[in-house]
Amino acid sequence: MIWREGMLTPEQIERFSADGAVTVDSPFTETELTAAAAAIRRVLPEGNTGTWGGVEMRRDSRDCCLDEELTTLVQHPFLEALACSALGVERVAVHAMAAARSFPFPGGRPGFWEHIDLAYRLSDLEARPRRMVCSCVVWLTDVTPERAPLMFRPGSHRLIAAHRERDPAAIGEGQSWMSALPSLPFAAPVPMLARRGQVSVLTTAAIHGASVNLDTQDRLCIFVPMFPVGVPLSAHIRSELERYSPYHRALLPLLRPERRHLVTAPLPEVAVNPAVVG
Ligand SMILES: [Fe+2]
């Protein structure tokens, strides 16, 4: 692969592969982080109290924000380099984006919900390039054990992928809640902690979910899932790309000219050949 600044080290790539997540420092500036945090607070001024996976929380999120302060991060070469190195591919493109704000809910009960957003086969994860999406999560506040850390089961994506390799019909390609997953020897959930400005590269094919914010300050982040360009992807991912195509079209003119390769058009059309996937 062509080296570019910001790529994960071999040890970090192994961590991403084995655990499904790795958190690294970023070169984002104080100005960029402050502006992006202000944009999320503007876009998401009030939390919704609701129940996720049976757990009451106060949070809100919005897909496909086109605000300049957030697009500055979405198109940053650092995220591109992270995703390229995690996926083992020369070129990635933006799949989607979401801004998330978790509000203090000090009267709430501690808890979290668990789910996966995607599922693969082990052969997808072990292919080079990997036939998968990876998400870059830019943390815009510190994430402490009390401040709504994303809960995560390290390695669960591999157990699920191995199960799907043996029995593709057992787990769907899209979102499944924990209760719908087969009983496999999953690791215990751990909180994904981070300092403001760090970035987690993760797969949402690992069991994960939001937790209650028991702190006195909000927790802010943006999710930027990216996909490998020119790589066969599952029907589910391709349908998701189609669903997000209005965002891609709106985002394209907002990118700096030299960053417009982060939006592909047309969409990847290579279908997964079951005979190749195995
Ligand atoms: Fe999720």
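## Exercises on a predicted model

Asparagine 48 is found in strand S2 (residues 48-52). Like everything below, this comes from a predicted model, so let's begin with this residue and work onward.

**Exercise 1.** Decide whether asparagine 48 is buried, partly exposed or exposed, and find which residues it contacts beyond its neighbours within four places in sequence.

*Solution.* 
- Step 1: Look at the accessibility. The relative accessible area of asparagine 48 is 42%. Buried means under 20% and exposed means over 50%, so asparagine 48 counts as partly exposed.
- Step 2: Set aside the neighbours within four places in sequence. Asparagine 48 is then in contact with Met57, Arg58, Arg59 and Asp60.

**Exercise 2.** Work out which protein atoms are donors of the iron ion, and how the donor residues are spaced in sequence.

*Solution.* 
- Step 1: Find the donors. They are NE2 of His115, OD of Asp117 and NE2 of His208, lying 2.2 Å from the iron ion.
- Step 2: Read the spacing along the chain, which is H-x1-D-x90-H.
- Step 3: Check their accessibility. Histidine 115 is buried because its relative accessibility is 6%, and histidine 208 is buried because its value is 5%.

**Exercise 3.** Describe the largest pocket: its volume, its lining and the elements that supply it.

*Solution.* 
- Step 1: Start with the space, which is about 840 Å³.
- Step 2: Turn to the lining. It has 31 residues, and those nearest the centre are Asp63, Ala98, His115, Asp117 and Phe223.
- Step 3: Sort the lining by type. There are 13 nonpolar, ten polar and eight charged residues.
- Step 4: Trace the lining back to the fold. Among the elements giving at least two residues each are strand S3 (55-63), strand S13 (219-228) and helix H7 (235-243).

**Exercise 4.** Now describe the largest cavity.

*Solution.* 
- Step 1: The count comes to one cavity of 30 Å³ or more, and the largest cavity holds about 30 Å³ of space.
- Step 2: Its lining is made up of Phe16, Ser17, Leu125, Arg130, Met132, His157 and Arg158.
- Step 3: By type, these are three nonpolar, two polar and two charged residues.

**Exercise 5.** Locate two residues with positive phi that are not glycine, and a cis peptide bond.

*Solution.* 
- Step 1: Cysteine 64 has a phi of about 60°. This residue sits in the loop between S3 and helix H3 (68-74) and, at 23% relative accessibility, is partly exposed.
- Step 2: Alanine 148 has a phi near 50°. Its place is the loop between S7 and strand S8 (150-152), and at 0% relative accessibility it is buried.
- Step 3: The cis bond joins arginine 128 and proline 129, with omega about -5°. Proline 129 lies in the loop between helix H5 (122-126) and strand S7 (134-139).

**Exercise 6.** Find where the pLDDT is below 50.

*Solution.* 
- Step 1: Begin with the whole chain: the mean pLDDT is 93, and 95% of residues reach 70 or more.
- Step 2: Over residues 270-278 the pLDDT falls below 50, though the stretch has 17 contacts in the model beyond near neighbours in sequence.
- Step 3: Where pLDDT is low, predicted coordinates should not be read in detail.

Terms used
Residues are numbered from 1 along each chain as its sequence is written. This is a predicted model: local features need pLDDT of at least 70, side-chain atom pairs count only at pLDDT 80 or more; totals for chains, interfaces and linings use all residues. Side-chain values use heavy atoms; hydrogens and water are left out. On a 1 Å grid over the protein atoms alone, a cavity is a set of points where a 1.4 Å probe fits but cannot get out, and a pocket is an open set with protein on both sides within 12 Å along at least five of seven lines; lining residues have an atom within 4 Å of a point. Grid points are joined across faces, edges and corners, and a volume is the space filled by probe spheres set on the points. Helices (H or I, at least four residues) and strands (E, at least two) are DSSP runs, numbered from the N terminus. Ala, Val, Leu, Ile, Met, Phe, Trp, Tyr, Cys and Pro count as nonpolar, Asp, Glu, Lys and Arg as charged, and the others, Gly among them, as polar. pLDDT is the predictor's confidence in each residue, from 0 to 100. Contact means heavy atoms within 4.5 Å. Donors are N, O and S atoms within 2.8 Å of the metal (3.2 Å for Na, K and Ca); water is not among the atoms, so sites may look incomplete. Buried means under 20% relative accessible area, exposed over 50%, partly exposed in between (1.4 Å probe, protein chains only).
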